[in-house]
Amino acid sequence: MNATQFDLNQSLIFIPDISGFTKFVSTTEIQHAKHIIEELLEVLIDSNEIGLTLSEIEGDALLFYRRGKAPTAAELLAQVQKMYVNFHAHLKKYETHRICSCGACCGANELSLKFIAHFGEVADKQVKDRTKLFGKDVIIAHRLLKNEIESEEYSLFSENLVRACSTWLNLEEVAWSDINKRTSEYDFGKAKYCFLELEALEEHIPEPRIEDYSIHGKKESLLNTEVTIQAPIQTVFNVISDMDFRHHFMFHLVGSDKLNHKIAQTGSTHRCIISQNETDPFFIAHGFNFDQNKITFVESNHRDQYDNIFSMVAISKGITRFQLSTFGKMNFIQRLRFRYFKKKMYDEMNEKVWNDFKEYCEQLVKESKSHRSQIILPQTMYAKAS
């Protein structure tokens, strides 16, 4: 196999790596850990601003490349900063927006990020719609992940990269911290590199802001539903908070999409697909409150200006009272039209929907099964929620 066969090209090889991944997935709830890592990888991919091409997702890391000239020091450091800030801004939301108290959700902020940047010759081959990189320099970039740097968060630049662009001689002018130089021994020989610690970038991470998603102004009660379910409040909440599952008991729905989080949290969005067009109702979940034997939260639809208020109360062990109240803003004509032409239809639909919901929850209990989505309730709930 020679260079002409595999079209060797000079390329930047860039690897963002999420540190602590192995410990994270081996000591916490695996499903939520998986979702969190997927979200973080998507954040890193969406933060690409210098024309990087994604070659592979390697578990806890991404393999990017860019053909042609090496990036300038300022260009690559700006990319590192963008990814680092967006990564940690997303993690901070697990302190302010999360509602799940499982180990994965509570421990997400312990994850860290490092970067490896190398420049050299790589070959590629096409596997379906993905270009797979290989060659000595790809191996070197991966080997550099194993190094003698004590810091948990850093950006490492190989000597090949530093030499490939003259602006790297001015690295100190654009660097946010001291430049450290090292030489390490690998199976391919000695490798020289420099690195910057990322701690100084923490000041650029914005504090999460919890938006007020509620509908303001005078609202009136439109619909009210109540059912008593022979199932624990934990089970009932797991089912109703799984937005992507609702079409299984809401017969009028085709499905749900536009979910921005796979784990329910403040600010979770979903669209209820009724007719498969963009005008289908779009909801934002917020206002989660957990208080011993009671759970409440709200879903707001801003286009139609109404709130659905969900309430679950553990009235005894294994029995939950579920309530749904809908409040909306309507003018005089809309109010009359709803009261005399639509309310009966919605009442009848709700009766079937929430009876089907009740049956599903109770069936889980009878069969000693758990719902596919699990939200761990805060410790304050456990005394009466079981």
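**Entry 1: histidine 261**

I looked up the contacts of histidine 261 and found that it touches Glu39, His90, Gly267 and Ser268, leaving out residues up to four places away in sequence; contact means heavy atoms within 4.5 Å. I placed histidine 261 in the loop between S10 and strand S11 (269-273). Helices (H or I, at least four residues) and strands (E, at least two) are DSSP runs, numbered from the N terminus. Histidine 261 is buried, with a relative accessible area of 14%. Buried means under 20% relative accessible area, exposed over 50%, and partly exposed in between (1.4 Å probe, protein chains only).

I note that this is a predicted model, in which local features need pLDDT of at least 70 and side-chain atom pairs count only at pLDDT 80 or more, while totals for chains, interfaces and linings use all residues. Residues are numbered from 1 along each chain as its sequence is written, and side-chain values use heavy atoms, with hydrogens and water left out.

**Entry 2: the sheet**

I traced an open sheet of seven strands in the order S9-S15-S14-S13-S12-S11-S10, with antiparallel pairing. Two strands pair if DSSP finds at least two bridges between them. Strand S9 (220-229) and strand S10 (255-257) stand at the edges with a single partner strand each, so one side of each has no neighbour in the sheet. From one strand to the next the twist averages 25°. Axes are lines fitted to C-alpha atoms, for helices over the stretch in contact, and angles run from 0 to 180 degrees between N-to-C directions.

I then followed S9 and strand S15 (residues 319-328), which pair in the antiparallel sense over nine bridges. Valine 227 stands opposite phenylalanine 322 in S15.

**Entry 3: helices on the sheet**

Helix H9 (residues 233-240) packs on the sheet and touches S9, strand S12 (282-291), strand S13 (294-301), strand S14 (306-316) and S15. The direction of H9 makes about 160° with that of S14. Helix H10 (residues 332-366) also packs on the sheet, touching S9, S14 and S15, and its direction makes about 20° with that of S9.

I checked the two helices against one another: H9 and H10 pack at an angle of about 125°, with their axes 10 Å apart. That makes H9 oblique to H10; angles under 35 degrees count as roughly parallel, over 145 as roughly antiparallel, 65 to 115 as roughly perpendicular and the rest as oblique.

**Entry 4: salt bridges**

I took a salt bridge as a side-chain nitrogen of Lys or Arg within 4 Å of a carboxyl oxygen of Asp or Glu, and the count comes to 22 salt bridges.

Aspartate 17 and lysine 114 meet through their side chains in a salt bridge (3.9 Å, N to O). This pair links distant parts of the chain, 97 residues apart, with aspartate 17 in strand S1 (residues 9-19) and lysine 114 in strand S4 (residues 112-127). Aspartate 17 and lysine 114 are both buried.

I next looked up glutamate 299 and arginine 246, whose side chains meet in a salt bridge (2.6 Å, N to O). Glutamate 299 lies in strand S13 and arginine 246 in the loop between H9 and S10, 53 residues apart. Glutamate 299 counts as buried at 2% relative accessibility, and arginine 246 is buried with a relative accessible area of 2%.

Aspartate 304 forms a salt bridge with arginine 303, with the closest N and O atoms 3.4 Å apart. Aspartate 304 counts as partly exposed at 34% relative accessibility, whereas arginine 303 counts as exposed at 53%. I also noted Lys34, Glu38 and Lys262, which salt bridges with shared partners join into one network.
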